[in-house]
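The stops below may be followed in order.

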Amino acid sequence: MDPKVWRVLARELVTYPETVALATLLADDRFQQCLIADARGHAPYRLADLPVLLSAVARCVGRPWYREQLASEMSGPLFAWAYQCVRPPRRTGHGEQAMWAVAPAHRLRPLVDELAARMSVGAGGQTAEGKRRRGLNRQSDESFTAGLAHAGRYVREHGNLAVQKDTMVGSFRFGEWLHNVQTKAWALPPDRVRALTVLDPWWNVPWSVQWQRSYYRARDHAAVDGPPDAAAGFAGTAVLNGEWLYLQCTQYDALHPEQQRLLADIGVTAEAARTARPRRASMRARFETGLEHARAYFAEHGHLAVSGKGTVHEGLIRRLVQDGHALDALRGFPGFKAESALWLSHQCAVYGSLQRDQQCLLAGIGITAVAL
């Protein structure tokens with residue numbers, strides 16, 4: 001018998017006990033609950049975000065070094081299983097079935113097919129299996145190659161892949177293409193994941209694109225002026241940047257582990273977040289903001305005889321939009337006063353947690369889930 005065939009059979013025999021042990025671990029309901037708790041409501045960006053899984057798998061197969069080897073994995077069958085296990089809605093109905101579905105890109109060939117491929121060769125020295133695979137995947141390969149080329153062009157111009165869904169690169173609907181790839185990123189072949197990661201390590205973050213763009217603004221500031229001083233109220237930063245950084249500090253413990261790592265890279269560590277103070281606007285900026293509200297209130301009511309100190313004027317931003325001010329989230333809402341721009345950015349960042357009535361009000365001025 002061909003030695004190559006013996007190698008295939010020996011591999012199957014040697015790995016079978018480990019396969020059974022790993023399947024038993026992953027099927028254990030108590031282990032799944034521990035994994036869900038370890039995720040803290042976040043979808044994993046890489047397996048390092050799920051240390052409970054790494055330790056358990058390493059013990060299961062008796063290979064301690066697996067923990068370090070698997071930590072950086074962002075694709076593959078184990079990552080896909082973990083992603084489906086911990087993401088909401090968790091393990092109910094279709095979600096339970098999806099957890100055990102192996103994406104075509106991650107499936108090993110059945111033993112009988114692999115043996116047949118080793119033993120029989122078609123015309124031109126090419127296996128029949130190889131012909132079948134290329135025929136089925138040619139369209140997908142061409143589509144991905146075209147999209148990847150546009151991704152490279154976008155990165156060369158903008159430095160990252162934090163794009164909105166309606167982003168165009170020439171006549172190519174690049175934002176739509178990238179969104180579709182991100183939706184099924186857990187099922188992608190590892191080589192495609194690596195190709196996109198080379199262009200931008202954060203091409204598929206499990207948080208909002210708006211957060212990522214705000215982070216890039218803060219990162220660019222830190223690269224020029226040094227780490228932001230949280231204890232001093234982020235003095236020296238632009239108002240929008242400083243207020244955004246303070247907001248991250250107030251929500252630091254609830255952030256994704258990878259978001260915390262990104263903030264630590266620019267000097268906002270857990271320790272720094274605990275000392276953070278809100279950014280203080282100048283007296284002139286506060287007066288101008290108040291004056292703008294007063295003008296809008298007067299235009300609406302014809303007077304400034306407010307009923308008391310608790311009176312709040314709402315609708316200022318809606319009036320500005322009606323007067324022709326464009327809402328450009330990508331550029332941080334230029335043309336709006338700092339406090340208004342900050343408020344708009346905050347609504348985008350927390351859009352998913354807003355009440356339906358609040359989302360409807362935002363939709364009235366053009367801010368929707370699709371636009372983010």
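**Stop 1: A loop residue, Arg40**

Select Arg40, which is partly exposed, with a relative accessible area of 43%. The model in view is a predicted one. Arg40 is placed in the loop between α2 and α3. Its phi angle is near 55°, a positive value in a residue other than glycine.

**Stop 2: Phe234**

Next, select Phe234, in the loop between α11 and α12 (239–250). Here too phi is near 55°, and the residue is again one other than glycine with a positive value. Is Phe234 buried or exposed? Its relative accessible area is 0%, so Phe234 is buried.

**Stop 3**

Show the side chains of Glu18 and Arg63. They form a salt bridge in which the closest N and O atoms are 2.8 Å apart. Glu18 belongs to helix α1 (residues 3–27), while Arg63 sits in the loop between α3 (51–60) and α4 (66–71); the pair therefore ties together parts that are 45 residues apart in sequence. Both partners may be coloured by accessibility. Glu18 is partly exposed at 25% relative accessible area, and Arg63 is partly exposed at 26%. The count of salt bridges in the model comes to 10.

**Stop 4**

Now select Arg46 and Glu258, whose side chains meet in a salt bridge of 3.0 Å, N to O. Arg46 is in the loop between α2 (29–39) and α3, and Glu258 is in helix α13 (residues 257–265), so this pair ties together parts that are 212 residues apart in sequence. Glu258 counts as buried, with a relative accessibility of 2%.

**Stop 3: Helices α11 and α13**

The axes of α11 and α13 come within 11 Å and cross at roughly 15°. An angle under 35 degrees counts as roughly parallel, and α11 and α13 are therefore roughly parallel to each other. The crossing of α11 past α13 is left-handed.

Which residues meet between the two helices? From α11, select Trp211, Gln212 and Tyr215; from α13, select Gln259, Leu262, Leu263 and Asp265, which they meet. By class, this contact of α11 with α13 has four nonpolar residues, two polar and one charged.

**Stop 4: Ser214**

Remain on helix α11 and select Ser214, which lies in it. Ser214 is buried, with a relative accessible area of 3%. Leaving aside residues up to four places away in sequence, Ser214 touches Asn241 and Trp244.

**Stop 5**

Finally, move to the loop between α8 (128–158) and α9 (174–183), where Thr167 is found. At 14% relative accessible area, Thr167 is buried.

Arg173 is exposed, with a relative accessible area of 56%, whereas Glu176 is partly exposed at 34%.

How values were computed:
Residues numbered from 1 in each chain as written. Predicted model: local features only at pLDDT ≥ 70, side-chain atom pairs only at ≥ 80, totals over all residues. Heavy atoms only, no water. Salt bridge = Lys/Arg side-chain N within 4 Å of Asp/Glu carboxyl O. Helix = DSSP H or I, 4+ residues; strand = E, 2+ residues; numbered from the N terminus. Buried < 20%, exposed > 50% of the residue type's maximum accessible area, 1.4 Å probe, protein only. Axes fitted to C-alpha atoms, helices over the stretch in contact; angles between N-to-C directions. Parallel < 35°, antiparallel > 145°, perpendicular 65-115°, else oblique. Left-handed = near helix turned anticlockwise from the far one by under 90°. Contact = heavy atoms within 4.5 Å. Nonpolar A, V, L, I, M, F, W, Y, C, P; charged D, E, K, R; others polar.
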